[in-house]
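Please look through the following note with the model open beside it. The points below are arranged by region of the chain.

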Amino acid sequence: MNLFRFRFVAAFLIAAVATLATCMPAAAQLISRAGPIVTTPHVRAELVAHAPDGVVAGAPVWVGLQIAHQPEWHTYWKNPGDSGLPTELAWSLPAGVSNGDIAWPVPKKIPIGNLANYGYEGTVLLPVPLTVAPGFDPVGGALEVRLKATWLVCRKECIPEDGEFLLKLPVQGSTALHKDMFDAAMAAQPVALVQPGAIAIDGNRLQIRLEGLPPAARGKTLDFFPEIAEVIHTAAVQGKDWTQAWQGDTWSATVPLAEQRSASPERMAVVVALAATDRQAGQPIAWRAEAPVAGSWPAVRAPAQVSTALQAALDANAAAPLPQPVGTYVAALLGALLGGLLLNLMPCVFPVLAIKVLAFTQRADDRRGHRAAAVAYAGGVVLSFVALGGAMLALRAAGVELGWGFQLQSPAVVAALAALFTLIGLNLAGVFEFRQMAPASVCSVQARHPVANDFLSGVLAVVIASPCTAPFMGAALGFAIGLPATQALLLFAVLGLGLALPYLAAGFVPAVARMLPRPGPWMNTLRRLLAFPMFATVAWLVWVLGQQSGIDGAGALLGLLVGLAAIVWAFTLHGRTRLVIGGLMVAGTAVLAGAIGGNLTQGAATPAKVAASERWQPWSAARADQLAAAGRPVFVDFTAAWCVTCQYNKRSTLADASLLAEFDAKNVAMLRADWTRRDPEITAALTALGRSGVPVYVLQAPGKKPVVLSEILSKQELRDALAAL
């Protein structure tokens with residue numbers, strides 16, 4: 001059938017467009033390695049800015065390094081505690097601009113064995129103020145900010161990491177995209193107490209007294225953080241080895257000194273903070289005082305450049321990396337195989353599935369042809385999965401924030417797919433035959449190399465199927481990101497094998513082959529019937545592009561698809577009529593493309609700010625942190641318009657009135673992270689959860705690890721998760 005010759009060229013078309021879309025960000029990385037984002041296997045670090053009044057003398061200008069940690073990993077405060085090293089920022093700024101110190105947010109205590117550290121998990125912003133001199137003369141109308149940052153990221157092992165960042169701020173106009181992040185970071189700053197308090201040495205202990213604490217803090221158990229390292233026994237300030245008490249607005253505490261103390265300051269700055277469960281939105285959470293130290297310090301030990309515990313961790317990290325547990329990797333491979341197999345049942349795969357079944361039916365009596373077709377199709381699927389996975393891993397290593405299904409985040413790829421499926425639908429409906437429009441040499445390719453057509457149909461299947469995430473796939477793909485390249489690519493290959501497995505079975509198992517119907521006149525009816533799933537796919541792709549580029553983008557795509565259909569019809573005519581009408585249609589469509597084509601890739605209009613009373617709020621890391629600080633559980637729906645599974649869950653489980661009432665009863669805030677177009681912040685959040693694609697559903701309660709739910713979301717699963725809050 002001519003459909004299959006058509007697919008030979010169509011697969012080349014979509015593969016080229018997808019390759020172009022993936023190479024564009026890679027090219028940008030090669031042009032300039034330095035950028036605002038650095039990604040490692042453990043953190044995503046981004047240089048951000050806040051200059052609401054522009055870059056002028058006297059106006060507030062802030063820059064900061066935002067660090068998003070993988071689960072269970074952390075970096076350190078200015079005083080890292082018993083082990084660790086603080087994050088260091090070295091700025092390169094033009095003449096007339098100077099930087100201040102890091103405005104450190106309040107840390108948390110992180111116990112590790114018999115040690116305790118002060119640091120940050122999740123996402124943290126380290127803000128730094130910039131001072132602009134009156135005579136500042138920008139080059140090119142922008143302030144170029146360069147940063148060399150170093151940080152130590154630890155779990156049980158410690159990894160020294162660094163990054164170079166570049167950010168250009170327009171001098172004129174407002175830079176306020178990250179306002180919520182800076183507001184949250186400033187809300188986490190300790191408030192200076194009016195009275196300095198008192199600190200005295202009593203043998204091997206410190207006696208601390210702070211006065212003038214506000215009513216919100218009185219009577220509460222406070223966390224204690226000295227700003228100078230290696231003075232107190234950090235791990236002891238967690239249990240029964242220290243005491244604290246209240247007398248009116250005065251807080252006092254007795255804290256043991258460190259056994260290996262190396263500092264004897266004359267003055268000490270200390271921070272006290274409310275526990276996370278006592279914090280309320282809009283109120284200060286920590287207070288700072290600096291007081292002289294009374295009394296004589298005991299003798300100190302020789303200071304060490306690096307603590308014994310940290311040196312041991314660094315030495316262990318310098319050794320050969322431990323192999324990945326075999327059982328875990330085997331489980332990931334099994335998950336990938338099952339996920340690929342279940343991918344055949346996802347709605348986005350149906351158009352290609354239908355075409356493949358039709359092709360197999362055509363060869364019902366050709367056992368050898370069946371086997372060759374099955375192997376070629378499986379080869380196309382497996383190699384395409386490996387290539388797509390390799391491209392994603394390579395681009396992520398280069399600093400580009402991408403996840404699974406990233407090609408459909410590009411409006412250009414969505415438009416190209418819509419055009420492709422329009423042509424396939426017109427061909428299936430009998431509007432044109434490929435031999436009418438292509439040279440004889442091209443039409444003969446399929447006859448000479450039939451397996452090439454099957455191979456390329458496997459490529460097309462992967463391009464269409466990859467935006468879907470079937471059960472078991474999410475965890476397997478997220479696991480692949482942290483693996484060595486060889487193991488990760490093998491996992492992608494197994495995922496492709498799962499997708500191709502039913503067709504391999506049809507080609508090599510006679511019992512399966514006998515289940516296929518025999519060829520006959522009914523195939524022409526089936527062929528025309530299959531045109532409608534293709535047109536339904538086009539309608540879905542137009543809707544996806546509308547979510548990305550707005551109503552004007554969707555309208556432009558519809559207009560250009562009408563022009564494409566008119567061109568195809570015109571070239572089915574004969575003689576001079578074909579040349580005249582075909583030429584007019586091509587010219588008219590070209591003019592139309594020039595007039596409205598730019599609407600395809602424009603950004604959709606920014607939605608109005610959602611009222612606080614509405615159920616679903618737009619997700620941001622800062623918003624999630626604010627809600628967690630206020631003690632509210634948070635449910636996050638990571639979704640995208642091109643994700644069919646996401647839309648199913650949104651209109652079924654997440655629309656159930658009784659289930660939503662249970663969310664309300666638990667006072668759960670509901671946030672929606674829309675990944676329809678590329679969003680590095682959402683990509684970083686998915687990576688931190690061990691996922692690389694959508695859908696992902698997360699229920700997070702203060703003080704508890706996030707609960708990641710299934711891709712196919714069930715009401716009972718959600719109810720069980722809510723009941724555990």
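In strand 19, which residue is the bridge partner of Ala 200? The bridge partner of Ala 200 there is Ala 294.

1. Basis of the note. This is a predicted model, in which local features need pLDDT of at least 70 and side-chain atom pairs count only at pLDDT 80 or more, while totals for chains, interfaces and linings use all residues. Residues are numbered from 1 along each chain as its sequence is written, and side-chain values use heavy atoms, with hydrogens and water left out.

2. The chain as a whole. The protein chain has 20 helices and 24 strands; these are DSSP runs numbered from the N terminus, helices being H or I with at least four residues and strands E with at least two. Of its 725 residues, 50% are buried (buried means under 20% relative accessible area, exposed over 50%, partly exposed in between, with a 1.4 Å probe and protein chains only). Among contacts in the protein chain with a separation of 6 or more, 77% are between residues 24 or more positions apart (contact means heavy atoms within 4.5 Å).

3. Arg 44. This residue lies in strand 2, residues 43-50, and is buried, with a relative accessible area of 4%. The side chains of Arg 44 and Glu 46 are joined by a polar contact of 3.0 Å (a pair of N or O atoms within 3.5 Å; within protein, one must be able to donate a hydrogen and the other to accept it, and residues adjacent in sequence count only if both atoms are side-chain atoms).

4. The partners of strand 19. Strand 19 (residues 286-294) pairs in the parallel sense with strand 12 (residues 191-192) over two bridges; two strands pair if DSSP finds at least two bridges between them. Ala 192 has Arg 288 as its bridge partner in strand 19. Strand 13 (residues 198-202) also runs parallel to strand 19, joined by two bridges. With strand 18 (residues 267-274), strand 19 pairs in the antiparallel sense over seven bridges, and Met 268 stands opposite Ala 291.

5. Five strands form an open sheet in the order 20-22-21-23-24, with mixed pairing. Strand 20 (616-618) and strand 24 (707-708) each have a single partner strand, so one side of each is left without a neighbour in the sheet. Strand 21 (residues 634-639) and strand 22 (residues 669-674) pair in the parallel sense over six bridges; Phe 635 has Met 670 in strand 22 as its bridge partner.

6. Helices 14 and 15. How do these two helices lie relative to each other? The axes of helix 14 (residues 531-570) and helix 15 (residues 575-596) come within 9 Å and cross at roughly 165° (axes are lines fitted to C-alpha atoms, for helices over the stretch in contact, and angles run from 0 to 180 degrees between N-to-C directions). Helix 14 and helix 15 are therefore roughly antiparallel (angles under 35 degrees count as roughly parallel, over 145 as roughly antiparallel, 65 to 115 as roughly perpendicular and the rest as oblique). The residues making the contact include Gly 559 and Gly 563 of helix 14 and Gly 582 and Met 585 of helix 15.

7. Gly 550. Gly 550 is found in helix 14 and counts as buried at 15% relative accessibility. Gly 550 and Leu 600 are 50 residues apart in sequence and 8.6 Å apart in space, C-alpha to C-alpha.
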